[in-house]
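Consider the predicted model shown below.

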Amino acid sequence: EYALRNDKIMPKADITISLEDRGYQFGDGIYEVIRFYDGELFHLDAHLARLDISARQINLTLPLSMDALARRLKELTALSKIGDGKIYLQITRGVSRRAHAFPEETEPLLTAYTEEVARPLSQLATGIGAITVQDNRWLRVDIKSLNLLPNVLAKQKAKEAGAVEAIFIRDGHVTEASASNVFGIRNGVIYTHPVSPFILNGITRQALKVLAEKVGIQWVDEAFTEQELMEMDEVIMTNTVLEVCPVISINGQPVGKGQPGQHTIRLQQAFAEEIAVLKRG
Ligand code: PLP
């Protein structure tokens, strides 16, 4: 098994992390999760562009160029010999004596490794349950930072309630979920929270917007309330691993007819077609 450490691919077991790494001590870093199907990286450029934005927001300089990083990630994926999987990549501000302010000289540490992950076909076919929780995160969740404690706690609460995801409510409005973006469909129109510091602009969200246009579903970047969420005909969640997943119940109440709706299925088909095109090369 191989992993990437800055610009070098090496055996995963040879990578050690310092006790004084700022990612470990402060969560001072950023990350990406990148999907691959049949060994082909999906929306790699969009993930790297977002990584670049996250890095700039926290004044982090990447230890290698974006082109070099893209090459290394492709090599790493090929070496893994995995068909369907994901890359977990993170960059921290590196190692220094523990003090909150940036060290004088920082050497950011980039690590990445692959993991086999099958497509979540049964969840995609039957849909998942969700709960709603207060969005108690900080006000810059557009940065894909390592600080995920509120997300962890929300997801655990969902799990304990027998659900898969926790939908965050800020000032009465749906922002996103603990690890995914949220969409409501009403009378054939798809609504979602606009890009802002209150959501992570998901790569799958961006892909879905293109697909909605392609299949002729009107898209509105507009936040909706928790009440409106409960009255949607269809609800969808997206992320890199979950893809385009129907939500069929929220807080134990059925969404629409309690099964994946027609628009959701249409969007799923368009997404599956995009994967099929990637696989064909
Ligand atoms: N929102 C949050 C809080 C996330 O953690 C994620 C991804 O895990 C997403 C949205 C979806 O982003 P993407 O589609 O890029 O995976």
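Residues are numbered from 1 along each chain as its sequence is written.

Helices (H or I, at least four residues) and strands (E, at least two) are DSSP runs, numbered from the N terminus. Helix α2 covers residues 44-57, and its 14 residues should span 20 Å at 1.5 Å a residue, which agrees with the 20 Å between its end C-alpha atoms. The expected span is 1.5 Å times one less than the number of residues.

A residue is called buried if 20 or more other C-beta atoms, placed from the backbone, lie within 10 Å of its own, exposed if 12 or fewer, and partly exposed in between. In α2 the buried residues are Leu44, His47, Leu48, Arg50, Leu51 and Ser54. Seen down the axis of α2, these buried residues fall within an arc of 160 degrees, so they line one face of the helix; the arc is that of the directions from the helix axis to the C-beta atoms. On the other side of α2, Asp45 and Arg56 are exposed. Just after α2, Asn59 takes a positive phi of about 55 degrees.

The shell around the ligand takes its largest share, three residues, from α6. By class, the shell residues are four nonpolar, eight polar and two charged, where Ala, Val, Leu, Ile, Met, Phe, Trp, Tyr, Cys and Pro count as nonpolar, Asp, Glu, Lys and Arg as charged, and the others, Gly among them, as polar.

Notes. Predicted model: local features only at pLDDT ≥ 70, side-chain atom pairs only at ≥ 80, totals over all residues.
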